[in-house]
Amino acid sequence: MLLGRPSNYFAKGIFRTYRRVLDKMSGGDSVTHAKLNELKVNYRDKRDVFTEKDLVAKEPIAQFKDWFDLAVQKGISEPNAMCLATCTKEGYPSARYVLLKGYGKDGFRFFTNYKSRKGMELAVNPRAALVFYWEPLKRSVRIEGTVEKIPAADSDEYFASRWRDSQIGTSVSAQSSVIPSRETLSNLEEKMKLEYEGKEIPRPEFWGGYKVIPHTIEFWQGQTDRIHDRIRFRRPKGDEKPDDVMLHQGEDGWVFERLSP
């Protein structure tokens, strides 16, 4: 397999295939499943499966580190990009991509505007799901858990480490709010550059970090025959006991199990 190729190599190949599909379509035709089936790519095969004996640890944070580090080593573009899904109090979901900015046994961290759509949803429903997908590796990780704001001092430290342009961009954006034009933001940007010329830019009170404290982490590895490998770590429910057949005892209070694809 060409795992050492950067992800844009695979993206270009998929784009070329998609271009051929579009070229076959007459004007105004909808894209059907038959046409989209031509985009299918091969994953791994049965000689390269992910089994319980392949786990580097019986707890999910070390296993995540192993997969994440490999994604970095393979030169995958932005391996820390993750889809963050939140939900309103009424149950309406929304999803978007953000960047992972730290992780450990305490959770997975990201930063955003507290008054953005995701911030407002987390304020009333502090639960979230994360999804990583590393296409060249044919691997994905799904994380579900509760969400908390991180300490203000930690947000201050991260904000101070950002590029100055990013600090200004964060400060002038009332994220998710409606604005009349891009020029509105450009004018605010220029104004702030002049105001803070030669000065330290303070972290806005409306911006900071969150951590997703996981109760479930699933590791997925794709197979060409679609009999994908799925191993899920989770916190045990009530007084359930691992039987080492369907449910296995993990470490640090985790249990793990294999899911049907």
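Leaving out residues up to four places away in sequence, Leu-70 touches Leu-137 and Arg-139, where a contact means heavy atoms within 4.5 Å. Leu-70 sits in helix α3, and its C-alpha atom is separated by 8.8 Å from that of Leu-137, a residue 67 positions apart from it along the chain. With a relative accessible area of 23%, Leu-70 counts as partly exposed, since buried means under 20% relative accessible area, exposed means over 50%, and partly exposed is in between (1.4 Å probe, protein chains only).

A word on where these values come from. The model is predicted, so local features need a pLDDT of at least 70 and side-chain atom pairs count only at pLDDT 80 or more, while totals for chains, interfaces and linings use all residues. Residues are numbered from 1 along each chain as its sequence is written, and side-chain values use heavy atoms, with hydrogens and water left out.

Taken as a whole, the chain has seven helices and 10 strands; these are DSSP runs numbered from the N terminus, with helices being H or I of at least four residues and strands being E of at least two. Of the 261 residues in the chain, 38% are buried. Among contacts with a separation of 6 or more, 65% join residues 24 or more positions apart.

Now for the inside. The largest nonpolar core has 32 residues, and Phe-64, Trp-134 and Val-141 touch the most other members. Such a core is a set of buried Ala, Val, Leu, Ile, Met, Phe, Trp, Tyr and Cys residues joined through side-chain atoms within 4.5 Å. At least two residues of this core come from each of α3 (60–73), β1 (81–87), β4, β5 (127–134), β6 (139–149), β7 (207–221) and β8 (229–234). Helix α3 gives the largest share, five residues. Setting aside neighbours within four places in sequence, Phe-64 is in contact with Leu-100, Tyr-103, Phe-108, Phe-132, Trp-134, Val-141 and Phe-219. Another core, of 10 residues, lies apart from this one and includes Phe-111, Ile-150, Tyr-196 and Trp-207.

Helix α6 has its own buried residues: Gln-167, Ile-168, Thr-170, Ser-171 and Val-172. They pack against α5 (152–161), α7 and β7.

Next comes the largest pocket, which holds about 490 Å³ of space. On a 1 Å grid over the protein atoms alone, a pocket is an open set of points where a 1.4 Å probe fits, with protein on both sides within 12 Å along at least five of seven lines; lining residues have an atom within 4 Å of a point. The lining is made up of 20 residues, and Arg-162, Gly-169, Thr-170, Ser-173 and Gln-175 lie nearest the centre of the pocket. Elements supplying at least two lining residues each include β2 (93–99), β4 (107–113), α6 (164–172) and α7 (182–195).

Finally, two loop residues have backbone angles worth a look. Arg-226, in the loop between β7 and β8, has a positive phi near 70° although this residue is not a glycine. Asp-252, also not a glycine, has a positive phi of about 55° and is found in the loop between β9 (248–249) and β10 (255–258). Arg-226 is partly exposed, with a relative accessible area of 33%; Asp-252 is partly exposed too, at 46%.

Key:
Points joined across faces, edges and corners; volume = space filled by probe spheres on them.
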